[in-house]
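The model comes next, then the details by topic.

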Amino acid sequence: MWQIYRPAQQHGLFPIRNVVIRAVSDSFAVYITLMTYVLHYAPDNASLIVRLALDELGASYHAKLVDRSISAQKSQTYLALNPAGRIPVLETPIGPIFETAAILLWLADQHGGLAPRMTDPKRAIFMSWLFYVSNTLHADLVSLFYPDRFVDASALDDYNTRTRARLDHAFRLLDHHAAEWSAADHGVTILDLYMAVIVRWCQLYPVSGQAWFDLNAYPALLHVAKTVETRPSAQRAIVAEGLNTTPFSAADYAAPPEGSAV
Ligand SMILES: N[C@@H](CCC(=O)N[C@@H](CS)C(=O)NCC(=O)O)C(=O)O
């Protein structure tokens, strides 16, 4: 059995559908299903990574704003989609998917791009780095962006120093091993997109200051950032979310047409 996913032709007032063509080789049966992705997003949030992936894969989607000014990510309606109350969530024909890495890997597998396929020997190490970025690096970033969620004010300085040291270690590891998942063999991957956005955030959002983060100290990651930001997907994200023209290699704060980053 094999499956082909194609972006739909845009039609009428509802240009947000994907056509899923499922061809079953043994019976020659063909099913056509209309499929709509809805990306619940806030500007410059982790949803930006998913937006880039959807665009790179040629998938049609509708971006629906999560209004962070009223903590809409904690509303009952949103929690029904993502019980963790975090952005993003992607609505798909098989139901909502949350957790950035899960969404990215699911999209890559469904659409057959942006990641080594399951039969590729490099799939295993790719997944190792994806999970490392998701459950170690991204988690530590949350500590740096919202330290008051984790410690009292009296412990903040020490806490931030330790968090920054862990992040630097993670960035050095990723910088050293970038070739294992980066564009060399596979073209741009979901990991490239993930890392481009992460290095952007480090230039802007640590509440204890940004001076500790110098992207030049991680040349392979700087290369990833520059590669991703020249792609058409990034150009469209720049417009959609009000990003500056070098959003990953030399970031500035977003001026989004709707919503807010925090
Ligand atoms: N582990 C989650 C983390 C997502 C996350 O932290 N999202 C942030 C925005 S970038 C968020 O929802 N912040 C609002 C909040 O925590 O209430 C994932 O990978 O999707």
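## Ligand shell

Helix α4 (residues 123-145) supplies the most residues to the shell around the ligand: three. Helices here are DSSP runs of H or I with at least four residues, strands are E runs of at least two, and both are numbered from the N terminus. This is a predicted model; local features need pLDDT of at least 70, side-chain atom pairs count only at pLDDT 80 or more, and totals for chains, interfaces and linings use all residues. Residues are numbered from 1 along each chain as its sequence is written.

The shell consists of Asn45, Ala46, Gln73, Gly85, Arg86, Ile87, Glu99, Thr100, Ser134, His138 and Val142. Each has its C-beta atom, placed from the backbone, within 6 Å of the ligand. By class, three are nonpolar, six polar and two charged. The classes are: nonpolar for Ala, Val, Leu, Ile, Met, Phe, Trp, Tyr, Cys and Pro; charged for Asp, Glu, Lys and Arg; polar for the others, Gly among them. Domain 1 (2-111) and domain 2 (123-241) each give at least three residues to the shell. The domain bounds come from an automatic or database assignment.

## Helix packing

The axes of α1 (residues 47-56) and α3 (residues 100-111) come within 10 Å and cross at roughly 5°. Axes are lines fitted to C-alpha atoms over the stretch in contact, with angles from 0 to 180 degrees between N-to-C directions. α1 and α3 are therefore roughly parallel (under 35 degrees; over 145 is roughly antiparallel, 65 to 115 roughly perpendicular, the rest oblique). Ile49, Val50, Ala53 and Leu54 of α1 meet Thr100, Ile103, Leu104 and Leu107 of α3. Contact requires C-beta atoms, placed from the backbone, within 7 Å. Seven of these residues are nonpolar, one is polar and none is charged.

Helices α5 (residues 156-177) and α8 (residues 219-229) pack at about 75°, axes 7 Å apart. The pair is therefore roughly perpendicular. Phe171, Leu174 and Asp175 of α5 touch Pro219, Ala220 and Leu221 of α8. This contact has five nonpolar, no polar and one charged residues.

## Loop and whole chain

Aspartate 148 sits in the loop between α4 and α5. Aspartate 148 counts as exposed because it has 10 C-beta neighbours inside 10 Å (exposed is 12 or fewer, buried 20 or more, partly exposed in between; C-beta atoms are placed from the backbone). Valine 207 is 59 residues from aspartate 148 in sequence, and 9.9 Å away C-alpha to C-alpha.

The chain has nine helices and seven strands. Of its 262 residues, 34% count as buried. Among contacts with a separation of 6 or more, 59% join residues 24 or more positions apart.

Note on methods: Contact = placed C-beta atoms within 7 Å.
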